[in-house]
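Please consider the structure shown below together with its sequence. The paragraphs that follow lead through its surface, its order of elements and its sheet.

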Amino acid sequence: MKPDIHPEYHEINVIMTDGSAFKTRSCWGKEGDTLRLDIDPKSHPAWTGQQRVVDTGGQIAKFNKKFAGIGVKK
């Protein structure tokens with residue numbers, strides 16, 4: 001392998017939507033960082049079969065703000 005071209009691979013903590021946690025190795029973040037999941041296999045409709053609306057961080061509001069001026073002539 002070529003030196004200095006591969007990302008750092010380290011251990012992180014993952015917290016699921018139900019509060020359960022586990023450790024895994026990843027290139028995400030820094031050593032010991034915590035990744036909190038908004039959607040995981042325990043809550044995603046593809047696995048549960050239940051429909052649920054999830055709008056974390058106001059993504060619809062963010063979209064409307066970003067594209068509010070398009071098509072409006074002054």
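Of the 74 residues in the chain, 11% are buried, where buried means under 20% relative accessible area, exposed means over 50%, and partly exposed lies in between (1.4 Å probe, protein chains only). This is a predicted model, in which local features need pLDDT of at least 70 and side-chain atom pairs count only at pLDDT 80 or more, whereas totals for chains, interfaces and linings use all residues. Residues are numbered from 1 along each chain as its sequence is written, and side-chain values use heavy atoms, with hydrogens and water left out.

The chain exposes about 6,700 Å², of which carbon and sulfur atoms supply 55%; accessible areas come from the Shrake-Rupley method with a 1.4 Å probe, and for residues only the protein chains shown count as cover. Among the contacts with a separation of 6 or more, 6% are accounted for by residues 24 or more positions apart, a contact being heavy atoms within 4.5 Å.

The chain has two helices and three strands, and from the N terminus on these elements run β-β-β-α-α. Helices (H or I, at least four residues) and strands (E, at least two) are DSSP runs, numbered from the N terminus.

Strand β1 (residues 10-15) runs antiparallel to strand β2 (residues 21-26), and six bridges join them; two strands pair if DSSP finds at least two bridges between them. Glu11 has Arg25 in β2 as its bridge partner. Five residues separate β1 and β2 in their hairpin, and Gly19 in the turn has a positive phi of about 95 degrees.

The open sheet of three strands has the order β2-β1-β3, with mixed pairing. Its edge strands are β2 and β3 (34-36), each of which pairs on one side only. Neighbouring strands of this sheet are turned by 35 degrees against each other on average, direction ignored; the axes are lines fitted to C-alpha atoms, for helices over the stretch in contact, and angles run from 0 to 180 degrees between N-to-C directions.

Towards the other end of the order of elements, Phe67 lies in the segment after α2 (59-66). Phe67 is partly exposed, with a relative accessible area of 36%.
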